[in-house]
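Me: Got a structure to go through. Can we keep it short and start with the overall shape?

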Amino acid sequence: MASINKAVLDLKRLDLLANNDSVIHRLDARAKVLVTCVFILCIVSYDRYELSALFPFFIFPAVLIALAGLPPLFIAKKIALLCPFVLVVGIFNPVFDREVLVNLGPLGISGGWISFASIMVRSILTVGAAFILVGVTGFTAVCQALERLGMPQVFAVQLLFLYRYIFVLSEEGGRASRARELRSCGRKGLGIRSFSSMIGHLLLRTWQRAERIHMAMLARGFTGQFHAYRQSSFGKAELLFVLGWSALFVFLRINNVSRHLGTLITGLFT
Amino acid sequence: MHMADALLSPAVGCTMWAASAGTIAYCSRKVRLEMDEKKVPLMGVLGAFIFAAQMINFTIPATGSSGHLGGGLLLAILLGPYAAFLSIASVLLIQALFFADGGLLALGCNIFNLGIFPAFIAYPLIYRPIIGNRPTQGKIVAASMIAAVTSLQLGAFGVVLETVASGISSLPFATFVTLMQPIHLGIGIVEGLVTAAVVSFVYKARPEILQCVTPAQAAAGYSIRNVAIVFLVASLLTGGVISRFASEHPDGLEWSIQKVTGKEEVEGVKGQLHVLMASLQEKAAFLPDYSFKEPETPKEVTLHPASAARIEAADQTSGKQEKDEGNRLGTTVSGILGGLMTLVLAGVTGFILKKRIGAA
Amino acid sequence: MSHHIVEVKNLRHVYSDGTVALKDVSFIITHGESVGIIGANGAGKSTLLQHLNGSLEPTGGSIHIGHTPLSKGTLPDIRRTVGMVFQDPDDQLFMPTVFDDVAFGPLNLGYATADVEQRVTEVLELVGAGHLRDKPPYHLSGGEKKRVAIATVLSMSPDILVMDEPTNGLDPFARRQLMALMRDFEHTRIFTSHDLDMVMELCDRVIVLHEGEVRADGPAMEIFGNDKLLAECRLEKPLSMQGCPVCGGGPARVSRPHPPHHHHHHHG
């Protein structure tokens, strides 16, 4: 599947971004996870017709992208691939919710369109926050942070295994898929028969690999307990980061800065 | 289909998060107590396998479109419910972080919809009883098909309930259900076919793989109850938090009655250019989420009366906020203007920061 | 240092599906030896190696590592003594970063954090991978992966190094680098490989496995000089011992082989 192929490539790139060095990258992962959570909760806590109050929240991704030196275009492109489900569900809002909510001169805008726009803005902010979190932290660190915030170790460890072997196995899957396409002249060979035996073989190979990995672990003295080696700590910088951003988010949540600003401007011209 | 942050209210999102997190904790404990440390790398690698398997697809006969493996049920068959649940949750976590599938808050819902149903309903209650101790080709196909369809139907229904209970989307419950369930019937049949095909293959090639789950299965009925308890406790806790929040706004119910009466009033003046305030009230009364709250409530009650009632209360509180927000929309023009300005400001701030860092 | 001796006696292994992988294998490898185990596909090389650190249990016969019999109780000790480098480094590098991977063994052995840190730094320098320390394994090249995989084993200070197909899949430069590295080890070394030139260069002694049995065991030059034996076991002379196709050296020269370090250079 081309889209998954591309997704894995993007995943590699996102993963490499996390190796950058910046003020944000150096922070303890827990701080970044916590701030992201507060951010997302603030966003989703708005009611469905809220649009203007969401905009000030763009300050968070903007500042983080800048400070961490992430490529803004890459992030924007990733966000543009927004979960199609949101779009499909969201587009029904203008259909079912036709009541005019705002009159811009002769133009009446229905509540449906406003809530649809709100859904899209929410999507951009929440999905963007997740990407940025990975880009400035790295998956491994996010995972370890979650573990230190209480995620069970078994879950954390197998999550790391999963992440590690996505790269190996998706290459294997991609190779198998290409080999079949090359020999299947059009669509004839792409039926479920060849599919199931391919997946079956891939599964058996994967199973054997898991056995070898386990063997490699035993060979290096594994006894069932994972010993973590941790370096970073939650210090003043982290505390400042968490409190600072959280305070800003709560402030923005309580005060619709957009509206205040807008009122101020329109007030100036009337 | 993945639930998304943008369609979720915090109450629903947090409840589902609590439920999923509780189940993850419970399953992790189970896996740890099983003392089968071999399973940990296996779970991870099989999770990665799901991604790899999705790169290979096949042509669905007579439709021309192509399908691929979802994987939830297959993982349950290979790993048993607890390990499979963790593996599915991990796949979803990676999808949320890297592939823009949903988002972090919606992860709770997604883990619930796509994890609980295949691992704790479809596999132990449908697949295993049909398969029994002596699998045959026919049994594998029938069991996979029924189990896959059931878990996807339940999952889709979960998405509908969560979306509707959140009230961000305007899709009425009935419409949404009639859209989602048939689509997922199709997806479920494809998933059943694929799962059956892969399981039959493995059964022929290395039957011992499929047997390694069986002994742990003996206590399945009992442990499902435990999972249900975990889920209930988690939702009770969250429900408690929400209800405290809701009790600070005791006028929720009162306002909802007003809303109903307000509706008639406004209908009288419909068609005229109306005062914005009035139109908002009408709008609020027509809010689909209000009308479909009725059919949805009894469903929640069967789940757990107390928490459902609390969610209901919380919804009404947010309904009150809606009105307030609506009032504010009177100044939407300045709101939009200001919004655009802050957007520009945010962008400019980022740009300046970037320049300064680049220069440094 | 009796620790370095590997003694395999009448080893037999039958897989659960009934395949007899090893019929009757016996040999003794002493301290500091460098031994190549060669044989066609399916001759039993990998099965044999997996017995050396207890990944597989023998169906019959016994294995002694430094006079300690391999059994359930001695397993942890033996696994520390015998460092096993797997054929596919992707199986061996399963941790998030190179550092974590190399530290995995020492941490399991219960070393203190500072010790682990120092040990990891040392072995990474030794294999020339110090700069890769914080990288995740999936961003490494094949040669880098292989060297890091060796480091993960060296960090446990084993006495015996066992390597399955070490040069498999490496480009010529990475292969040379790796061979130079392996030549410098003072450990007892056991390799399996189809890369017979590597075996020729690195091993004084060669054991030929054929259908689960030791077909020949002797000095490398002697074994690679025996055409009949090689043909029977579906093997070939190392390229460096074959007649040169360009300057006309024919099969006649085979009986008088090139010294192993002799290199031909043809231009244009």
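**Chain A and its contacts**

Reply: Chain A has a radius of gyration of 24 Å, but a compact globule of 270 residues would have one near 18 Å. The radius is taken over C-alpha atoms, and the globule rule is 2.2 Å times the number of residues to the power 0.38. This is a predicted model: local features need pLDDT of at least 70, side-chain atom pairs count only at pLDDT 80 or more, and totals for chains, interfaces and linings use all residues. Residues are numbered from 1 along each chain as its sequence is written, and chains are lettered from A and ligands numbered from 1 in the order in which they are written.

Me: What box do the C-alpha atoms of chain A fill?

Reply: Roughly 75 × 55 × 30 Å, along the principal axes.

Me: And how many helices and strands in chain A?

Reply: Chain A has 13 helices and two strands (DSSP runs numbered from the N terminus: H or I, at least four residues, for helices; E, at least two, for strands).

Me: How many residues does each side bring to the contact between chain A and chain B?

Reply: Chain A gives 106 residues and chain B gives 100, where contact means C-beta atoms, placed from the backbone, within 7 Å.

Conventions:
Contact = placed C-beta atoms within 7 Å.
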